[in-house]
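Subject: Structure handover and notes

Dear colleague,

Please read the two side by side.

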Amino acid sequence: TGRRLHTGDAFHVASITKAFVAAAALALEADGTLDLDDALGEYVDWPGGAAIPLRRLLDQTSGVAGFPNGDADDDAYLALLRADPPITTDQTLAAARDLPPHAEPGTTTDYGNLSYVLAGAAIEAATGQELGTVLDERVFQPLDMDSTWYPPRAPGDAEPLPGLYEVEPGAPVLPTTTFDMEVWRTITAPASGAVSTVDDLVTWVDTALGDQEVDGVDVTAMSDIGPAGYGLGVARG
């Protein structure tokens with residue numbers, strides 16, 4: 001746009017969303033709403049879900065397919081990109097349901113978005129609330145992150161500022177003004193949909209990764225980085 005940027009400007013923060021979801025899951029575990037050792041199948045009807053602990057979704061060792069899965073045929077994902085926004089979690093899970101898993105749970109680390117879409121669905125099932133409400137109540141409000149939100153806040157919610165995306169490694173960099181950001185933010189929203197500001201993210205880093213506490217809940221497990229470089233919603237830099 002040509003104007004100067006400010007630390008209070010809102011941007012789509014993509015996979016930082018995963019860390020917010022992991023913190024919310026730890027808060028729910030702390031109050032007994034769920035247990036990270038519970039099976040996904042207790043909350044979400046998913047092929048093989050009885051053998052996938054929620055923790056495996058959060059540390060990228062669930063073995064579920066990616067979405068998009070990086071294979072030659074991503075027709076289901078492309079079809080969602082062409083659908084009318086916002087894309088719901090149910091739509092995404094229906095589109096990805098028949099993709100073959102990449103591995104048995106716990107046998108390998110395989111970074112992807114589908115694990116977090118499933119984690120978001122499990123949180124909604126456990127709480128009976130929309131994920132955005134859970135994130136507001138358990139993460140954003142307690143930390144006074146007033147300029148951070150999860151889509152869709154409402155139809156046509158405040159748009160993040162334009163930016164640039166490399167959709168796949170080596171692919172041409174695209175300005176976000178060339179595609180529908182609401183589709184993009186909602187298609188794998190629990191993994192990549194949040195919007196935030198530099199000011200709020202400084203607060204987030206100081207509390208969740210510095211103090212390792214969010215609203216009185218110990219979130220040290222987020223920074224317990226496994227051999228392949230991932231903790232709960234956090235990657236080793």
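Predicted model: local features only at pLDDT ≥ 70, side-chain atom pairs only at ≥ 80, totals over all residues.

Residues are numbered from 1 along each chain as its sequence is written, and side-chain values use heavy atoms, with hydrogens and water left out.

The largest nonpolar core has 61 residues, a core being a set of buried Ala, Val, Leu, Ile, Met, Phe, Trp, Tyr and Cys residues joined through side-chain atoms within 4.5 Å; buried means under 20% relative accessible area, exposed over 50% and partly exposed in between, with a 1.4 Å probe and protein chains only. The members that touch the most others are Phe 20, Leu 40, Trp 46, Leu 114, Leu 118, Trp 204 and Met 222, and helix 1 (residues 16-30) gives the most to this core, with 10 residues. Helices here are DSSP runs of H or I with at least four residues, and strands are runs of E with at least two, numbered from the N terminus. Leaving aside neighbours within four places in sequence, Phe 20 is in contact (heavy atoms within 4.5 Å) with residues including Val 13, Leu 135, Phe 140 and Trp 204.

The lining of the largest cavity consists of Ala 25, Leu 36, Leu 54, Leu 58, Ala 119, Ala 122 and Ile 123, where a cavity is a set of points on a 1 Å grid over the protein atoms alone at which a 1.4 Å probe fits but cannot get out, and lining residues have an atom within 4 Å of a point. Helix 5 gives the most to this lining, with three residues.

Thr 186, in helix 7 (residues 181-187), counts as buried at 4% relative accessibility, and a polar atom of its side chain lies 2.9 Å from the backbone nitrogen of Ile 87.

Along the backbone, a cis peptide bond joins Phe 67 and Pro 68, with omega about 5°, and Pro 68 sits in the loop between helix 2 and helix 3 (75-81). The bond from Pro 85 to Pro 86 is also cis, with omega near -5°. Asp 144, although not a glycine, has a positive phi of about 55°, and this residue counts as exposed at 57% relative accessibility.

Best regards

Technical notes:
1 Å grid on protein atoms, 1.4 Å probe; cavity = no way out; pocket = protein on both sides within 12 Å on 5 of 7 lines; lining within 4 Å. Polar contact = N/O pair within 3.5 Å; in protein donor to acceptor, adjacent residues only side chain to side chain.
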